[in-house]
Amino acid sequence: VQTCALPIYKTAIDAYLQAYKSKGSGSFDALYNISVVQMENNMPDLAKENLKKANIFRPGQFKCLFNLGEAYTRINLPDSAIIWFKQALQLQPTDAMTYHKIGITYGKQMNRISDALPWLAKASELEPSRIVYLEDLAVANGIKGDFEGAILAATAILKLNPNYASAYSILAATYMNKGDKVTAMQYMQKAQALQEKK
């Protein structure tokens with residue numbers, strides 16, 4: 001489904017609703033498409049209900065289960081989000097994005113860094129070229145006090161993109177926490193120089 005601009009989202013929903021009603025017993029595609037438009041327009045509560053209906057009509061659809069996890073994340077019900085993300089993983093057990101979503105739900109929404117780390121590590125293992133996965137892994141390791149893990153992940157980012165300022169900032173903070181102020185300042189200066197170029 002293409003992204004629907006805010007002024008026309010109601011028209012899109014009306015069209016999908018018409019398709020849903022015309023099916024009589026219900027249409028997975030129509031309900032799912034309505035939910036996508038609702039998610040794109042910041043209506044996760046409504047999207048959640050349509051996704052649940054869609055899941056009844058056609059159980060075991062990865063995209064539906066994943067989006068249920070995302071909807072629950074957006075309405076700040078992380079425990080429920082994790083349940084749906086884990087169900088999605090049962091269908092696609094090598095989907096890096098789902099591992100990442102579980103990791104950041106544990107870490108950012110629930111402040112459970114120890115629980116977040118294995119999921120973030122798995123996401124980076126499955127897609128080692130995704131900088132956002134490595135960045136979240138580096139930050140989580142740093143918060144946990146695993147400085148070597150943070151350095152490893154940040155260094156991997158710089159191998160992919162030597163001008164990624166946030167990686168230098170992570171390294172600066174990590175070396176500062178390790179008590180190596182000289183190295184920390186070198187990385188901080190590098191980060192600042194790159195940020196000034198933007």
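This is a predicted model: local features need pLDDT of at least 70, side-chain atom pairs count only at pLDDT 80 or more; totals for chains, interfaces and linings use all residues.
Biologist: How do α2 and α3 pack, at what angle and how far apart are their axes?

Modeller: Helix α2 (residues 28-40) and helix α3 (residues 44-57) pack at about 160 degrees, with axes 8 Å apart. That makes α2 roughly antiparallel to α3, since over 145 degrees counts as roughly antiparallel. Axes are lines fitted to C-alpha atoms over the stretch in contact, and angles run from 0 to 180 degrees between N-to-C directions. Helices are DSSP runs of H or I with at least four residues, strands are E runs of at least two, and both are numbered from the N terminus.

Biologist: Which residues of α2 and α3 meet?

Modeller: From α2, F28, L31, Y32, I34, S35, Q38 and M39 meet P44, L46, A47, N50, L51, K53, A54 and F57 of α3. Contact means heavy atoms within 4.5 Å.

Biologist: What about the whole chain, how many helices and strands?

Modeller: The chain has eleven helices and zero strands.

Biologist: And how much of the chain is buried?

Modeller: Of its 198 residues, 47% count as buried, meaning under 20% relative accessible area with a 1.4 Å probe, protein chains only.

Biologist: What share of contacts is between residues 24 or more positions apart?

Modeller: Such pairs account for 47% of the contacts in the chain with a separation of 6 or more.

Definitions and conventions:
Residues are numbered from 1 along each chain as its sequence is written. Side-chain values use heavy atoms; hydrogens and water are left out. Angles under 35 degrees count as roughly parallel, over 145 as roughly antiparallel, 65 to 115 as roughly perpendicular and the rest as oblique. Buried means under 20% relative accessible area, exposed over 50%, partly exposed in between (1.4 Å probe, protein chains only).
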